[in-house]
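This report describes one protein chain, going from a single residue to the whole fold. The sequence and structure come first.

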Amino acid sequence: MPKAATKRGGKAEKKRAKKDPNAPKRGLSAYMFFANEQRENVREENPGISFGQVGKTLGERWKALNEKQRLPYEAKAATDKKRYEDEKAAYNAAPDDDDSA
DNA sequence: CTCTTGATTGTTCTT
DNA sequence: AAGAACAATCAAGAG
């Protein structure tokens with residue numbers, strides 16, 4: 001095993017309570033932006049499909065795209081990530097408010 | 001330093 | 001309202 005085996009073979013876990021004080025939520029993922037655009041397209045090509053089908057079709061198409069196709073999505077993901085960086089920055093720079101310091 | 005895990009993000013549909 | 005498959009992610013913690 002070259003690296004982390006990661007038991008990512010199952011399914012997503014449930015949500016968990018935040019442990020950080022200001023919990024700097026991460027930015028969105030390329031998939032988020034991709035879904036935003038494709039969700040309409042997918043539903044258009046698959047009229048009347050269940051959520052399960054949409055979700056799966058979405059994922060399959062996601063990988064079906066080329067790197068350049070994901071570019072616009074990854075680009076947005078990076079842009080949103082920057083948003084997160086700002087939070088993280090403040091989160092690290094502001095463990096607790098206190099002007100005096 | 002390097003790996004592991006946990007937490008998070010948004011969509012859609014169902015109940 | 002919230003949960004669940006779908007994929008990415010990436011930052012912090014632990015050794």
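## Lys76 and helix 3

Lys76 has a relative accessible area of 48% and is therefore classed as partly exposed, in a model that is predicted. The residue belongs to helix 3. From the C-alpha of Lys76 to that of Ala93 the distance is 25 Å, over a sequence separation of 17 residues.

Helix 3 is not straight throughout: a kink of about 30 degrees is centred on Tyr73. Tyr73 is also one of the buried residues of this helix, together with Ala77, Tyr84 and Tyr91. The buried residues of helix 3 pack against both helix 1 and helix 2.

## Overall fold

Chain A contains three helices and zero strands, and its elements follow the order α-α-α from the N terminus. Of the 101 residues in the chain, 16% are buried. Among contacts with a separation of 6 or more, 67% join residues 24 or more positions apart.

The chain exposes about 8800 Å², and carbon and sulfur atoms account for 51% of that area.

## The nonpolar core

Which residues make up the largest nonpolar core? There are ten: Ala30, Phe33, Phe34, Ala35, Val42, Val54, Leu58, Trp62, Tyr73 and Ala77. Helix 1 is the main contributor, giving five residues.

Val54, a member of this core, touches Val42, Arg43 and Ile49 when residues up to four places away in sequence are not counted. Gln38 sits in helix 1 and is counted as buried because its relative accessibility is 13%, below the 20% cut-off. Beyond its neighbours within four places in sequence, Gln38 contacts Arg43, Leu58, Arg61 and Tyr73.

## Aromatic pairs

The chain has five aromatic pairs. One of them is Tyr31 with Phe34, a tilted pair with 5.8 Å between centres and 40 degrees between planes. These two residues are three positions apart in helix 1, so about one helical turn separates them. Their accessibilities fall into separate classes: Tyr31 is partly exposed at 27%, whereas Phe34 is buried at 0%.

How is the pair of Tyr31 and Trp62 arranged? The ring centres are 6.1 Å apart and the planes stand at 85 degrees, so this pair is edge-to-face; the angle is over the 60 degrees required for that class. Because Tyr31 is in helix 1 and Trp62 in helix 2, the pair ties together parts that lie 31 residues apart in sequence. Trp62 has a relative accessibility of 11% and so counts as buried.

Ring pairs join Tyr31, Phe34, Trp62 and Tyr73 into a cluster. Phe34, Trp62 and Tyr73 also belong to the largest nonpolar core, and Tyr73 marks the centre of the kink in helix 3.

## Database annotation

An unreviewed UniProt entry assigns residues 24-92 to "domain: HMG box". The annotation "DNA-binding region", also from an unreviewed UniProt entry, covers residues 24-92. In the model, this span is 81% helix and 0% strand, and its end C-alpha atoms are 9 Å apart.

Conventions
Residues numbered from 1 in each chain as written. Chains lettered and ligands numbered in written order. Predicted model: local features only at pLDDT ≥ 70, side-chain atom pairs only at ≥ 80, totals over all residues. Heavy atoms only, no water. Core = buried A, V, L, I, M, F, W, Y, C linked by side-chain atoms within 4.5 Å. Buried < 20%, exposed > 50% of the residue type's maximum accessible area, 1.4 Å probe, protein only. Helix = DSSP H or I, 4+ residues; strand = E, 2+ residues; numbered from the N terminus. Contact = heavy atoms within 4.5 Å. Bend = angle between axes of the 7 residues up to and from the residue. UniProt positions renumbered as here; feature names shortened; annotations may be inferred. Areas by Shrake-Rupley, 256 points an atom, 1.4 Å probe, with all protein chains shown as cover. Phe/Tyr/Trp six-rings, centres within 6.5 Å; stacked < 30°, edge-to-face > 60°.
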